[in-house]
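Please look over the sequence and the model below.

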Amino acid sequence: MCGIVGFVGKQDAAPILLDGLRRLEYRGYDSAGIAVCGEEGIAIAKSRGRLQVLSDATRGGADLPGVMGIGHTRWATHGEPNDINAHPHLSRSGKIAVVHNGIIENYMELKISLLEKGYTFRSETDTEVVAQLLDYYYEGCGDFFEALNCTLNAVDGAYALGIICADYPDRIYATRKDAPLLLGYGEGENYLASDVTALIRYTRDIVYMDDGEVAVLSDKGIRLYDRMLRPMEKEHHHIDWEIDAAEKGGYAHFMLKEIMEQPRAVREATAARIQDGRIVLSDLSMTPEQIRAIRKLYIVACGSSYHVGMVGKYNLERLLRRNVEVCLASEFRYSDPIVGEGDLVIIISQSGETLDTMAALREAKKRGARILSIVNVVGSSIARESHDVLYTWAGPEIAVATTKAYSTQMAVLNLLGLYFGDVMGTVDYETYENAVRGILALPEQMETILAKKDRIREMAKLCVDHDDVFFIGRNLDYALSLEGSLKLKEISYIHSEAYASGELKHGTISLIEDGTPVIALGTYAPLFDKAMSNVVEVQARGAKLIALTTDSHAAAMAERVDAVISIPDTEAMLLPQLGVVPLQMLAYYIALERGCDIDKPRNLAKSVTVE
Ligand code: F6R
């Protein structure tokens, strides 16, 4: 989604703003802009399309001299992606420039009232209302801080705002509500960003802002105010991952790099949490009594994180012998959910900033449920608002399509299931021991799958020229097929559907015709025979079959299908951990063959901070 950067210091701001925005490109955007405050007031440059267009148009920022400024990458919500709607937006007086992530929900009402006061608007955006409202209040009271306070009292919705005013050429104002924003501390220079990747090249000393807080940045320091606008101090965080982690490191795409990083990521997410064969979740504050007293379990998430929840449902229900409800966050939040005291809501989110997931968390918390989140981005809003957080330690995930975050979320959820099962007394010793041994073996087994990349690339050719692909599977294979299908459609733009194999004959099988590619998942041994009969069923209708199974079933499968890829045998609950790898690679190579923009698929954003 949209990205924000801000810089104030002693060197020219524009090149730093452009560099920061470049590091946020992965979040997805359709236009970009910067505003720099120089000797002659505020200068703005913005343009539709890639950041390179903006960089070329400003000679790498040289055309906008000045030591303080703000920048933005926009992912259109209100108004089409064009130069005018791009941020920053300038106020009527030309003195105030604003960048904004989020949506001002009452912008129309505010706009009408400003129009009545004689204001005119250049863009169709909700953001311009903030610039003009600030202008209006500032003209009235002459105190910019007070004008900001009045503006914040007037706007409803979600926002992270970076604001500059030409009358204060040494300051950036920043505030947030329901959208991420963080402050970076440097030597004689300070920074603002919506995402730590924009800042890591310049500083590792970070403060995460919370809702309602206001920051005023200058080259001398950052003054912070709480929601009552009283001065306050906040805890600083040190970012310890290396800049390389946010660079491609020789790979053609971040997605490929992140696929390849999965053995390491899964090892990091699990190894430190297993000591002498026992799962130790020292980051969990729940007591055994609290775990045993859990009334009902929910898993709430969006997109791929929701798919992890689907796998989790099968695994946790088996391990805990109790009902697990998996909910899409966007549905849960408006469903008047029957959730309350005694219930545990497991929130899964890579970014920790997905707005629907955040809203679902707050809804469940308000109703008295305990919140345990599984999150990748340390210090993110979801992590901070949860009672417990289990971090996935996957490192920065840059490609829009998630891979290593999915794998580590699943690894952590499996650890949690086994841990709870042990405490609740629902998992027998042998199951527990075998699963732990299996988890420790996963990284090496993943390496063997990654080594088959040439074969998977070859198989990709079977799907490249098709418009529709089907994924089928049962049980854990069905849960996994949801993710395989999403990976394919989001980066290759091929329409695909994931179906529980048993459901096909209730309607969808009518879509199978001569040559339709079907990716049949048959890794789950207890249902292998059923998987085979579904293979035969679609084959009889002319489907072209690619199958995913385990090494021990590969030969049997190969007799029936056009191509087969196998994964090492492991405990049933761990099969999706291995099975997802070839499906990610298949999607990647199909998208590559089709010449798609793999790391930045059209219309998508990394962190979805709007509804
Ligand atoms: C797909 C993908 C998305 C995210 C979803 C939730 O590859 O990445 O479906 O899983 O937008 O995002 P997080 O996990 O950040 O809450």
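In this predicted model, an oxygen atom of the ligand is 2.6 Å from an N or O atom in the side chain of Ser351. Two further side chains have a polar atom facing an oxygen atom of the ligand in a listed pair: Ser349 at 2.6 Å and Lys487 at 3.0 Å. The table sets out these distances.

| Residue | Distance from a polar side-chain atom to an oxygen atom of the ligand |
|---|---|
| Ser349 | 2.6 Å |
| Lys487 | 3.0 Å |

On its own, the ligand has 400 Å² of accessible area, and the protein covers 90% of this. The size of an interface is often given as the accessible area lost when the parts come together. The space that the ligand takes up is the second largest pocket.

Which residues come nearest to the ligand? There are 15 residues around the ligand, and of these Ser305, Ser349, Ser351, Thr354 and Glu490 come nearest. Sorted by class, the shell consists of five nonpolar, eight polar and two charged residues. Two helices, α9 (303-320) and α16 (476-492), each supply at least two residues of this shell.

The chain is divided into three parts: domain 1 (3-240), domain 2 (249-449) and domain 3 (452-595). The centres of domain 1 and domain 3, taken over C-alpha atoms, are separated by 46 Å.

Two points in the backbone remain. Most residues other than glycine have a negative phi, and most peptide bonds are trans. The peptide bond that joins His87 and Pro88 is cis, with omega at about 0°. Pro88 is placed in the loop between β4 (68-74) and β5 (89-90). Asp276, a residue other than glycine, has a positive phi, near 50°. Asp276 is found in the loop between β16 (274-275) and β17 (278-279).

Note on methods. Residues are numbered from 1 along each chain as its sequence is written. This is a predicted model: local features need pLDDT of at least 70, side-chain atom pairs count only at pLDDT 80 or more; totals for chains, interfaces and linings use all residues. Side-chain values use heavy atoms; hydrogens and water are left out. A residue is near a molecule or strand if one of its heavy atoms lies within 4 Å of it. A polar contact is a pair of N or O atoms within 3.5 Å; within protein, one must be able to donate a hydrogen and the other to accept it, and residues adjacent in sequence count only if both atoms are side-chain atoms. Accessible areas come from the Shrake-Rupley method with a 1.4 Å probe; for residues, only the protein chains shown count as cover. On a 1 Å grid over the protein atoms alone, a cavity is a set of points where a 1.4 Å probe fits but cannot get out, and a pocket is an open set with protein on both sides within 12 Å along at least five of seven lines; lining residues have an atom within 4 Å of a point. A molecule sits in a cavity or pocket if more than half of its atoms lie within 2 Å of its grid points. Helices (H or I, at least four residues) and strands (E, at least two) are DSSP runs, numbered from the N terminus. Ala, Val, Leu, Ile, Met, Phe, Trp, Tyr, Cys and Pro count as nonpolar, Asp, Glu, Lys and Arg as charged, and the others, Gly among them, as polar. Domain bounds come from an automatic or database domain assignment.
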